[in-house]
Amino acid sequence: MRSAKKIYIIAGEASGDLHGANLIKNLKTLSKTPLEIYGVGGDRIRETGALEFFDLAHFHVTGLTDALKKLPQYKKAGETILSKIEKTRPDLVILIDNPGFNLAMAKRIHAFKIPIVYYIAPQVWAWAPKRVLTMKKTIKKVLVVFEFEKKIFEENDIPVAWVGHPLKDIMEKAGVQD
């Protein structure tokens with residue numbers, strides 16, 4: 001029997017938790033290789049049975065003032081998650097959205113020489129375009145949900161794939177059509 005591939009998924013806010021849970025379910029269904037999936041997120045990721053689950057969704061912040069108040073909690077959470085990643089030594093880390101937290105994590109995870117995929121990339125086209133520089137140094141591949149984003153990452157020599165927006169699949173399953 002082949003050894004299991006270890007994947008660590010980090011999502012922060014509610015939307016990332018939803019998309020992360022759906023990603024985990026699809027990975028488990030489609031993978032021909034046994035998987036050990038470790039998770040950071042909220043209730044939806046917890047419900048997938050993710051190993052060593054860490055609840056980050058309850059840290060939700062709105063605005064700069066709220067973020068500054070919770071900075072010590074985020075730093076402590078980041079250290080806990082990094083410690084788990086270092087101990088687990090996953091084959092891959094998947095970051096989902098939440099760029100304020102996840103890009104800081106990417107720098108540290110990259111130092112462990114663990115490949116990182118970013119799913120639902122930071123909207124560098126809307127704000128904080130310099131984030132692409134951090135991504136170029138730390139991210140192995142970006143999976144974008146808007147087709148036009150692909151060109152932005154290609155122009156910055158970052159491997160990228162357009163995967164479509166996950167809400168489209170959710171709406172189709174619910175019977176909502178264009």
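A: Axes here are lines fitted to C-alpha atoms, for helices over the stretch in contact, and angles run from 0 to 180 degrees between N-to-C directions; helices (H or I, at least four residues) and strands (E, at least two) are DSSP runs, numbered from the N terminus. The model is predicted, so that local features need pLDDT of at least 70 and side-chain atom pairs count only at pLDDT 80 or more, while totals for chains, interfaces and linings use all residues. Residues are numbered from 1 along each chain as its sequence is written, and side-chain values use heavy atoms, with hydrogens and water left out.

Helix H4, residues 71-88, packs against helix H5, residues 99-111, at an angle of about 40 degrees, and their axes lie 11 Å apart. That makes H4 oblique to H5, since angles under 35 degrees count as roughly parallel, over 145 as roughly antiparallel, 65 to 115 as roughly perpendicular and the rest as oblique. From H4, the residues Tyr-74, Gly-78, Glu-79, Ile-81, Leu-82 and Ile-85 meet Phe-101, Met-105, Arg-108 and Ile-109 of H5, where contact means heavy atoms within 4.5 Å. By class, this contact of H4 with H5 comprises seven nonpolar, one polar and two charged residues, with Ala, Val, Leu, Ile, Met, Phe, Trp, Tyr, Cys and Pro counted as nonpolar, Asp, Glu, Lys and Arg as charged, and the others, Gly among them, as polar. As for the setting, the protein has eight helices and seven strands, and buried residues (under 20% relative accessible area, with a 1.4 Å probe and protein chains only) make up 40% of its 178 residues.

Note on methods. Buried < 20%, exposed > 50% of the residue type's maximum accessible area, 1.4 Å probe, protein only.
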